[in-house]
Amino acid sequence: TMPYLYHSGQYHPGMFTLETTRSATGVMAALANLLLLGKEGFRTLIGHAVEMAEVLRELIAARPELSTLNDQNYGPVTLFRAYPPGVETFRIHDRERTDPTFTAELLRHNDLNRRIYQRVSAAAYGGQGVAIGFTDNYAYSAAGEPICALKSYVLSPFATEEQMHAVVDHVLAALAAERGDGLLASEPL
């Protein structure tokens, strides 16, 4: 018996199947890939996704207006932020997280990153850009304010270094458009 699953009613498919509250499609897809590719093939695909994420992190680190938030994460997800000119991006994370007097700046930076995401996303939906994600609360500041972030999640085994460059280029173009200076992303800001 499973009283924690079956509180009422007469239909209890979990008594004779693997059905619970979630679909098994993800598990079955992973199993199918593992059976098709083998352990080494599956590891190769995961390794490629992680390698492309590392390429993106290196590109972000090379730009003074961008900063990686989850630099200790070695998976395929990269969380990062864009900042206006003059911001010391190497130290800004600590101040945004720990300094309650920095809340106004944090909120301005959140708004800037939200607008950048909207620009990049609109271009992608129009077939003119790259798809990135956005999180409203990567972490919380000492004042309790959410810290938002742009997000790249490398999913495709066909992802290339050129596409990682395109992510940075589109984010920088959106930042330039927000600044209103018309600089291309490939030009130094």
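**Core, histidine and crossing helices**

Me: Which of the 28 residues in the largest nonpolar core touch the most other members?

Reply: They are I116, M164 and V171, where a nonpolar core is a set of buried Ala, Val, Leu, Ile, Met, Phe, Trp, Tyr and Cys residues joined through side-chain atoms within 4.5 Å. Helix α4 gives the largest share of this core, eight residues.

This is a predicted model, in which local features need pLDDT of at least 70 and side-chain atom pairs count only at pLDDT 80 or more, while totals for chains, interfaces and linings use all residues. Residues are numbered from 1 along each chain as its sequence is written, and side-chain values use heavy atoms, leaving out hydrogens and water.

Me: Why is H93 called buried?

Reply: Its relative accessible area is 15%, and buried means under 20% (exposed is over 50%, partly exposed in between, with a 1.4 Å probe and protein chains only), so H93 counts as buried.

Me: What makes the link between the side chains of H93 and S67 a polar contact?

Reply: The distance is 2.6 Å, and the term asks for a pair of N or O atoms within 3.5 Å, where, within protein, one must be able to donate a hydrogen and the other to accept it, and residues adjacent in sequence count only if both atoms are side-chain atoms; the pair therefore qualifies.

Me: Which residues is M164 in contact with, leaving aside neighbours within four places in sequence?

Reply: With contact meaning heavy atoms within 4.5 Å, the partners of M164 are M52, V55, L56, L59, V154 and A159.

Methods. Helices (H or I, at least four residues) and strands (E, at least two) are DSSP runs, numbered from the N terminus.
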